Amino acid sequence: MLQTKKKIRALVFDLDGTLYLSGKAYPKAVETVHQVAKQVPVYYLSNNTSKSPVFYKNRLQRMGLPLAKGAIISALNLALDAIQKEGLQNIYFFANPEVREWFLAQDPSLNLQSSIQDCELVLMAYHNSMDYQELCELSWRLQRKTRFWVTHTDLVCPDSNGSVPDIGSFLSLFKTAYGIEPERSFGKPNPEILKPLLQAYEPQEILFVGDRLYTDFELAKRTGCRFALPLCGETTLQDIENLQKNNEEIPEIIVDQVSDIDFNSLIQGLI
Ligand SMILES: [Mg+2]
């Protein structure tokens, strides 16, 4: 057979809605990833910053997913790098306690709960254990024109009972209340998140697998990586038909489940 495509040399998987939902793996997802990891390096890229990379490491290991060093790509690392590059110290980090603790362990010199007066930067992660007082604390700092970064801008997070509001929905709230928008977002679809991988591989050698059009597919389009969309998560066939009706690009590979992707042919450069 004629070889028409580059061989896939690295795989990047989204997590929620792609490999599992509410921590429960989709059928054959774990076995499939395990199988392909014997042939090419596997990375995981989720925008979900409600948990630390350490939590994800333990969860993926518990689920039996293969996990090489550096396999978990997180917007939290990018945010930390940006804070250090800009020499920011006094931050109000709106995040779950476990994520704040992880962040502080990476850089103990940071003050993550700075006062309204001292705050240089508000950093917002997906804080799904917040109470109203914390929302007030965040709002008071934003109104003082403090710099404002978010880890990502997803509108909702999938859950087995239905989706729940994520950072993007809160951004609508702050826009309505104060006319404020974040200056930076680190997660998908910001191509920065794939920079280390794009230094190691050509974009066409990376296959990204994700269930969401405006983050996963958009990142693939912006970086030139190849893309596979499993329909087990957020996107429906109706969404694809709507893209076609509007003459917009559709994902190259569309399958029901991750296990339906022909990884062997992709890795051999046959498709
Ligand atoms: Mg997803």
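## Strand S13 and its neighbours

Three bridges link S12 to S13, and the two strands run parallel. Please keep in mind that this is a predicted model. Within the pairing, Val209 sits opposite Ala228 in S13. Together, S12, H8 and S13 form a right-handed β-α-β unit.

Let us follow the helix of that unit. In helix H8 (residues 213-223), the buried residues are Leu213, Thr215, Asp216, Phe217, Leu219 and Ala220. The buried residues of H8 pack against strand S12 (206-209), strand S13 (226-230) and helix H9 (237-245). After H8 comes Gly224, with a positive phi near 85°.

Now to S13 itself. Arg226, Ala228 and Pro230 lie on one side of the strand, Phe227 and Leu229 on the other, and all of them are buried, leaving both faces of S13 covered. Because five of the five residues of S13 are buried, the strand is largely enclosed by the rest of the structure.

S13 also pairs with strand S14 (residues 253-255), again in parallel, over three bridges. Here Leu229 is the residue opposite Ile254 in S14.

| Strand pair | Sense | Bridges |
|---|---|---|
| S12 and S13 | parallel | three |
| S13 and S14 | parallel | three |

Conventions
Residues are numbered from 1 along each chain as its sequence is written. This is a predicted model: local features need pLDDT of at least 70, side-chain atom pairs count only at pLDDT 80 or more; totals for chains, interfaces and linings use all residues. A residue is buried if 20 or more other C-beta atoms lie within 10 Å of its own, exposed if 12 or fewer, and partly exposed in between; C-beta atoms are placed from the backbone. Helices (H or I, at least four residues) and strands (E, at least two) are DSSP runs, numbered from the N terminus. Two residues are in contact if their C-beta atoms, placed from the backbone, lie within 7 Å. Two strands pair if DSSP finds at least two bridges between them. A crossover is right-handed if, with the strands pointing away from the viewer, the path from the first strand over the helix to the second runs clockwise.
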